[in-house]
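Hello,

I am handing over the structure we talked about, and my notes follow just below it. Please have a look at it first, then read on.

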Amino acid sequence: MRRVYWYLMQRFYEARSFRAFCNHLHFKKQSRKYSSRLAETWLHHDDESEEHSPCRLPSCWWLVPSVVTGTLILATALGSLL
């Protein structure tokens with residue numbers, strides 16, 4: 001009985017390792033596919049001239065509306081207290 005158990009466990013782990021290896025190959029293939037698409041996209045964006053690229057906001061564009069909103073809230077709160 002012990003030999004049967006060890007034989008079955010050996011077969012189970014062989015099948016499991018084979019399946020894990022197949023999954024590894026599949027994920028590797030998918031990652032190559034995704035990275036090649038990503039590289040093509042980046043190459044395409046780098047080739048565009050500055051004239052055709054859309055205008056971008058500065059990196060801290062959100063500071064201006066937040067400061068204005070904060071100032072308005074503070075002015076309203078102070079105005080209601082006076």
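Does Tyr 7 count as buried, partly exposed or exposed? At 49% relative accessibility, Tyr 7 counts as partly exposed, because buried means under 20% relative accessible area, exposed means over 50%, and partly exposed lies in between (1.4 Å probe, protein chains only).

A word on the ground rules. This is a predicted model, where local features need pLDDT of at least 70 and side-chain atom pairs count only at pLDDT 80 or more, while totals for chains, interfaces and linings use all residues. Residues are numbered from 1 along each chain as its sequence is written, and side-chain values use heavy atoms, with hydrogens and water left out.

Now the chain as a whole. The protein chain has two helices and zero strands; both kinds of element are DSSP runs, numbered from the N terminus (helices are H or I with at least four residues, strands are E with at least two). Of its 82 residues, 0% count as buried. Its accessible surface comes to about 8,500 Å², with 66% belonging to carbon and sulfur atoms; such areas come from the Shrake-Rupley method with a 1.4 Å probe, and for residues only the protein chains shown count as cover.

Back to Tyr 7, which sits in helix H1 (residues 2-47). Together with Val 4 and Leu 8, Tyr 7 forms a nonpolar patch on the surface, with about 310 Å² of accessible area in total. Patches take residues with over 30% relative accessible area and no salt bridge, joining like charges within 9 Å and nonpolar side chains (Val, Leu, Ile, Met, Phe, Trp, Tyr) within 5 Å.

There are two aromatic pairs in the whole structure. Rings of Phe, Tyr and Trp (its six-membered ring) pair if their centres lie within 6.5 Å, and planes under 30 degrees apart count as stacked, over 60 as edge-to-face and the rest as tilted. Tyr 5 and Trp 6 make an edge-to-face pair, 5.6 Å centre to centre with 70 degrees between the planes. Phe 12 and Tyr 13 have ring centres 5.2 Å apart and planes at 70 degrees, so this pair is edge-to-face. Trp 6 is exposed at 55% relative accessibility, whereas Tyr 5 is partly exposed at 46%.

Finally, the structure holds one salt bridge, meaning a side-chain nitrogen of Lys or Arg within 4 Å of a carboxyl oxygen of Asp or Glu. Arg 11 forms it with Glu 14, their closest N and O atoms being 3.1 Å apart. Both residues lie in helix H1, three residues apart, about one turn of the helix.

Best wishes
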